[in-house]
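Work through the following exercises with the sequence and the 3D structure at hand. Each task is followed by a solution in steps.

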Amino acid sequence: MQRRMDYAPVVTGNLRIAHYTDEHKTFDGIVIPTHRRVYRRNPDGTADKSVAVTTPAIDTIRLNLSRKANLMTTHQIRTLTWDTYVAPALPIASTDLPPGHNQATWSPISATLISGERDAVLVDPLMTTEQGQTLADWVAASGKNLTTVYVTHGHGDHWFGLAVIRERFPNVRAVATRGVVEYMRRQASPQSLASFWNPLLPGQIPQGLAVADPLDGSSFELEGYELVPVEVGHTDTDNTTVLHVPAIGLVVAGDVAYNDVHVYLAESDRVKRQEWIRALDTIESLHPEAVVAGHKRAGRADDPSIVEETRQYIRDVDRIAETAQTAREMYDEVLAVYPDRVNPGALWLSAKALKG
Ligand SMILES: [Zn+2]
């Protein structure tokens, strides 16, 4: 049992009392003792445990927002909050159209702001100049002081917008794991921009791309809370990570998990798809309360069930890839299983890469 000395209970009369709590449970990141005992104190200061003055117990606690706000003011318990912005699907200048479509699009992309009382950390600052500007406005509207940007993986669609964020928030630092920083360098190279990004998104990729700094150590902090990058290897590309925020049970998953958007498997083979499934197992082992996908249908909940949904999609692609003879066959068969996911164009790229 833990003795609490950090606050003074108000007691009617002039009993000297000792106050104990135990059976602590965590609700929404807040630790609450569900069992309390108050004993009369002996003249020497020790507790007289032969008879309890009062023994309140709480069997169940459900926190709603107003309750939580109340706890925060009365006990000065701080916690982190988070919010996600989803940039809508974007037309791209590709002539390689998925069957049945006359316009190729880039999948909707998410960015996540994790906030403390004053400061905030932004994860994955989007792709185009316009997306970066809208995101900067959204961050500014939060009223928080943006200290850090974290980048989950090297694909440019999740970080080219950093150039715009740096202009608006000049003191921000950008960090990523070493493997991600290397990948970012390659994505921002003149060859990569000239051969891939600029033709697809003419005039829309920000000028002055600057990569993140490699993170020192295995985590960083937001107002004393730990934010932990977890390296998970190959998922939709190499050297990917997720950001785990243990205090609030949050995993910002980058492109490890997809939320009702077609999964980009063009860089995978059988072995790499197994590695991706292990990465999803790793997310699950963190027992998150929320998982934010890098590509999600706007408005859909960031529910941990997307981990299994993504695993199942990969298993389905694995199975269909065994028998499908052509890209078109593969596309049609996966689409029959997932007729409503956002952006069949991503499936078309996967099918073409896997079946030629
Ligand atoms: Zn992506």
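A residue is called buried if 20 or more other C-beta atoms lie within 10 Å of its own, exposed if 12 or fewer do, and partly exposed in between, with C-beta atoms placed from the backbone. The model is a predicted one: local features need pLDDT of at least 70, side-chain atom pairs count only at pLDDT 80 or more, and totals for chains, interfaces and linings use all residues. Residues are numbered from 1 along each chain as its sequence is written.

**Exercise 1. Chain totals**

Task: State what share of the residues of the protein chain counts as buried, and how many helices and strands the chain has.

Solution. Step 1: the protein chain has 356 residues, of which 36% count as buried. Step 2: helices (H or I, at least four residues) and strands (E, at least two) are DSSP runs, numbered from the N terminus. On this basis the secondary structure comes to 9 helices and 19 strands. Step 3: two residues are in contact if their C-beta atoms, placed from the backbone, lie within 7 Å. Among contacts with a separation of 6 or more, 66% are between residues 24 or more positions apart.

**Exercise 2. Helices H6, H7 and H8**

Task: Describe how H6 packs with H7, and how H7 packs with H8.

Solution. Step 1: axes are lines fitted to C-alpha atoms, for helices over the stretch in contact, and angles run from 0 to 180 degrees between N-to-C directions. Step 2: the axes of H6 (residues 270–285) and H7 come within 10 Å and cross at roughly 165 degrees. H6 is therefore roughly antiparallel to H7, a label for angles over 145 degrees, with those under 35 roughly parallel, 65 to 115 roughly perpendicular and the rest oblique. Step 3: the crossing of H6 and H7 is left-handed; a crossing has this hand if the near helix is turned anticlockwise from the far one by less than a right angle, and is right-handed if clockwise. Step 4: Arg-270, Arg-273, Trp-276, Ile-277, Leu-280, Ile-283 and Glu-284 of H6 meet Val-307, Thr-310, Arg-311, Ile-314 and Asp-318 of H7. These residues divide into 6 nonpolar, 1 polar and 5 charged, where Ala, Val, Leu, Ile, Met, Phe, Trp, Tyr, Cys and Pro count as nonpolar, Asp, Glu, Lys and Arg as charged, and the others, Gly among them, as polar.

Step 1: H7 (residues 305–323) and H8 (residues 327–337) pack at about 145 degrees, with their axes 10 Å apart. The crossing of H7 and H8 is right-handed. Asp-316, Val-317, Ile-320 and Ala-321 of H7 make the contact with Met-330, Glu-333, Val-334 and Val-337 of H8. By class, this contact has 6 nonpolar, no polar and 2 charged residues.

**Exercise 3. Strand E15 and its partners**

Task: Which residues lie on each side of E15, and which strands pair with E15?

Solution. Step 1: in a regular strand the side chains alternate between the two faces of the sheet. Step 2: Thr-240, Val-242 and His-244 are on one side of E15, Thr-241, Leu-243 and Val-245 on the other, and all are buried. Step 3: E14 (residues 225–233) runs antiparallel to E15, with 5 bridges; Val-230 has Val-242 as its bridge partner in E15. Step 4: E15 also pairs with E16 (residues 250–252), in the antiparallel sense over 3 bridges, and His-244 has Val-251 as its bridge partner in E16.

Definitions and conventions:
Pairing = 2+ DSSP bridges.
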